[in-house]
Amino acid sequence: FFFSSRRRHTRCREVSWARRCVQETVSKAKSEAKALKISLDAEKEKVKTQAKEFTELKNKTEKTNQEFLDKQIKKDKILVSTAKAKLAKIQKDYLVVKNDLLVKIKKANAEKKQIDDDVKLQKTKFKSLTADFKDLKTKLAKDYKDCLLYTSDAADDTPCVYLGGRRLIKK
């Protein structure tokens, strides 16, 4: 009986030793798990902080981009309005110049018509005077048909005839 009880005691002792080993291992595992959980929680906090910073940076960037775009749009609107104003002024100046040119063209056409009418009138007068001159020439030719002009031999050397002085033209 002594032997059997000793065995039991040995067994119990082994069981309690195994139990202690398991408990120590479990305790160690729990503390490692706790440390890992703390580390994981710290990493989660880090990630949350980085995500928050990223979101803030993203919002700030979007806000900055939007402000930049708004400024660009404002500048572009100013440029467009300035260009429209310049275009309107150019169109207005063009119309003024065009109207001035049309007035000048009408005036020039009226002057041209007046000049053409004056030229026609002068041509008509010239034809009339030419006809009158021919009639007068014909009449003078009949009246002075037999008139001779006497000159000296010296006058034959010159290209013209001197009618002044002592010489008289007789009929």
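Predicted model: local features only at pLDDT ≥ 70, side-chain atom pairs only at ≥ 80, totals over all residues.

Residues are numbered from 1 along each chain as its sequence is written, and side-chain values use heavy atoms, with hydrogens and water left out.

**Exercise 1.** Determine how many helices and strands the protein chain has, and what share of its residues count as buried.

*Solution.* Helices (H or I, at least four residues) and strands (E, at least two) are DSSP runs, numbered from the N terminus. The protein chain has 1 helix and 0 strands. Helix 1 covers residues 2-143. Next, buried means under 20% relative accessible area, exposed means over 50%, and partly exposed lies in between (1.4 Å probe, protein chains only). Of the 171 residues of the chain, 0% count as buried. Finally, accessible areas come from the Shrake-Rupley method with a 1.4 Å probe, and for residues only the protein chains shown count as cover. The chain exposes about 17200 Å², of which carbon and sulfur atoms supply 61%.

**Exercise 2.** Identify the residue that forms a salt bridge with E43.

*Solution.* A salt bridge is a side-chain nitrogen of Lys or Arg within 4 Å of a carboxyl oxygen of Asp or Glu. A search of the whole structure finds 4 of them. E43 pairs with K46, their closest N and O atoms being 3.9 Å apart. Both residues lie in helix 1, 3 residues apart, about one turn of the helix. E43 is partly exposed because its relative accessible area is 41%; K46 is partly exposed at 49%.

**Exercise 3.** Decide whether K113, the salt-bridge partner of D117, is buried or exposed.

*Solution.* The closest N and O atoms of D117 and K113 are 3.7 Å apart. These two residues are 4 residues apart in helix 1, so about one helical turn separates them. With a relative accessible area of 52%, K113 is exposed. D117, at 34%, counts as partly exposed.

**Exercise 4.** Find the residues that make a nonpolar surface patch of about 350 Å².

*Solution.* Patches are made of residues with over 30% relative accessible area and no salt bridge; like charges are joined within 9 Å, and nonpolar side chains (Val, Leu, Ile, Met, Phe, Trp, Tyr) within 5 Å. The patch is made by V97, L101, L102 and I105. Of these, L102 is found in helix 1 and counts as partly exposed because its relative accessibility is 41%.
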